[in-house]
Amino acid sequence: VSRQLKEEIRRGFARLEDPLAGLLAMLESSSDWKGKGHSLWYCITTELQLWIKAHPAVPQSGTKLKKLQARVLGMLSQCPANLLDPLMSIYQLHTADRNYLLEHVSHLYLQGNYKEAAMLSIKLKLQPDQDVEKMCTPLLLQDKANVVEEYVAEYPELQRKLLHTLDTWCEPSFNIRDIIRPYQGLSNYKPEKFNRRVLSKLIFRLLERFNVDSALCPNVINQRHLRTLNYLFYKRFVEKTMTEENWADHIQSTVGENQWLQGHLVQSLLRHCDARGAARWARHCQVPPEMLPHAVAEELQKLHIQDRVGEVTKADNYEASKKKDYYQLPIPRENIHFLQTWEETLQCWEKVLQAGQVVGVDMEWKPSFGMVGKPRVALLQLALKDEVFLLDLPRLLEQAEAEGEKEKLPHFIQMLFSDAAITKLGYGMSGDLSSLAATCSALKDTEKQMQGVVDLLAVDKQVDGLSPEHSHEERGGRQPEKGLSLLVQHVLGKPLDKTERLSNWEKRPLREEQILYAASDAYCLLEIYERLCKDPESFGLGSNLTEGLVGKQSKKPRAKKQLYKQEEPSPSGQEFQGPSTEPSCPPAPISPQEFSVVCDNMLQGLGRYLRCLGVDVRLLDNEDDHRKAAEIARQEGRVILTSGLPYQTLRSQVGEGRCFSVNCSQKAKEQALQVLKHFNVQVSLGDIFSRCQ
């Protein structure tokens, strides 16, 4: 809005005998300010607000102000959101009689304007004097949970009341139709968005957002625990992929002393075990004998120590038989170090933080089974060529805090991840780092700062078939492998034994099986990486993978290229066409209209940015295979923009210089500048937004 218009508005108000009444008269006589915000009315209203600040004597008081406030309140339900705050300030609604304001909001509510009533209550801070269940119920029926969250956001007591109400609705015997009945004919009612499943998700979200004790919501917590119980029985007795020790740990921590869950435990035991087995587990989980059926109670009395001896023998036989079927650590047991003190950890860092080092990185945490909060890392594994370090993260962080040096451990972890001269191998590294940030707030920016990281999850989608020498190996009746275990099977011939994956990683001491599993998870990354670099063609990865993964070493050790999230490599380095120097003869300059590209599906942000600059862009959808980019490039004469390992496959399918690998750790703007510079695309002011409708 021009300065001249603003000055004219202020002069107009100065000439009015009563500017406050004048603004209301203008609003009441006009209809074009209603609905969505209108820039002229917003300008007029905010200018009056500023003008009043400069003229403190203008504001009204007493009976005259009350009449103006009554007129304003009548308009607020139709008022666009951007006019609410200025009008409330100008007419001092915060000073109005509270009962009068509550009465007005109640009138809006009775007219069926539930959202407007709630929003006005939020603005006027009326919530403590209102019935939270009454105000929020119609909003939930209309799928306006965001308004409900805002309504209780500043009031812990209301948060607790709302959560208690929602939890009551989730009680199995509660008839949810009783809530809906008073609101028959409600506009915008969305029945598919109002059921126990949706309410349960909302409760967990509110518990986490407002940091409320989950004991306030026993119904949803019990239902979530019951689903966990059923899942654990499925893993142990149907899928048969969970060890007895893991299963027992999780059953005990899930059921505890909750009699309702103990009853469901007994029923599940009888479905999956005979009376003797049910009795043994009932004793193990400390189920009160009076809760057991007669047959199980009788077996409980007969149990003696021989049962356990038999189980141990059976377990030993199982361990011996499975060694031949799964990946085994190639290093001796004494080279696996479980670190719980700072002195031990310092020796680890001296070996890990060396230029040119290759480190397999993995993390473990206790499964949350859908409960509130992000998982916290219980174990950090760092694997080197000859040894593996298992860091007891909770213990080390606790020790450092007790000594007043809580930044000590995060500092070393950040040094590891930000050093481009150390190669870090991971699998799904982003998820690990998210949990690491939840464990220690000082590490929240680790993912943004990391360099020299090879995420083998990117390789996973490119590997073709089983490794040649093991392609016909019998796998027996086990569950099909997936994730890292499948990649290990494809590349190294045998899958990982994942029976410890769902362990309670917070329980100390760790069992021997857990220690071996954790060490294997990190160490196998080193073997996969080495094997892929030596023989990429056997896995369908292209003959030049070694150069792509490892890069060229200069005198000063540098980070490996291509799969890394790291500093921007030179364009020639990315295309692996000779030494890492700028090309001596850059391409002739072209305009954005002459430059057409197809962006791989991990570069949609880059594609949208280039389109804003006038470039002809096609984007692959998330579900499209990378190879579709080559097909489009050949048919339409486009340049392929991709990142990571897909570059290896795609560059061989198009002409020289028609495939470019982008640094995926950069933001879209930085990527776009890199692309424009490499292809010498000259953008003028007229090109910007030239393709936008």
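Colleague: How many bridges join strand β7 to strand β9?
Modeller: Three bridges join β7 (residues 596-599) to β9 (residues 639-642), and the two run parallel. Strands here are DSSP runs (E, at least two residues), numbered from the N terminus. Two strands pair if DSSP finds at least two bridges between them, so β7 and β9, with three, are paired. Before we go on: this is a predicted model, where local features need pLDDT of at least 70, side-chain atom pairs count only at pLDDT 80 or more, and totals for chains, interfaces and linings use all residues. Residues are numbered from 1 along each chain as its sequence is written, and side-chain values use heavy atoms, leaving out hydrogens and water.

Colleague: What makes arginine 333 and glutamate 512 a salt bridge?
Modeller: A salt bridge is a side-chain nitrogen of Lys or Arg within 4 Å of a carboxyl oxygen of Asp or Glu. The closest N and O atoms of arginine 333 and glutamate 512 are 2.6 Å apart, so the pair qualifies. The two residues lie 179 residues apart in the chain.

Colleague: Why is lysine 408 called buried?
Modeller: Buried means under 20% relative accessible area, exposed over 50%, and partly exposed in between (1.4 Å probe, protein chains only). Lysine 408 has 17%, so it counts as buried. Its salt-bridge partner is glutamate 405, which at 38% is partly exposed.

Colleague: And why is leucine 685 called exposed?
Modeller: Leucine 685 has a relative accessible area of 75%, which is over 50%, so it is exposed.

Terms used. Helices (H or I, at least four residues) and strands (E, at least two) are DSSP runs, numbered from the N terminus.
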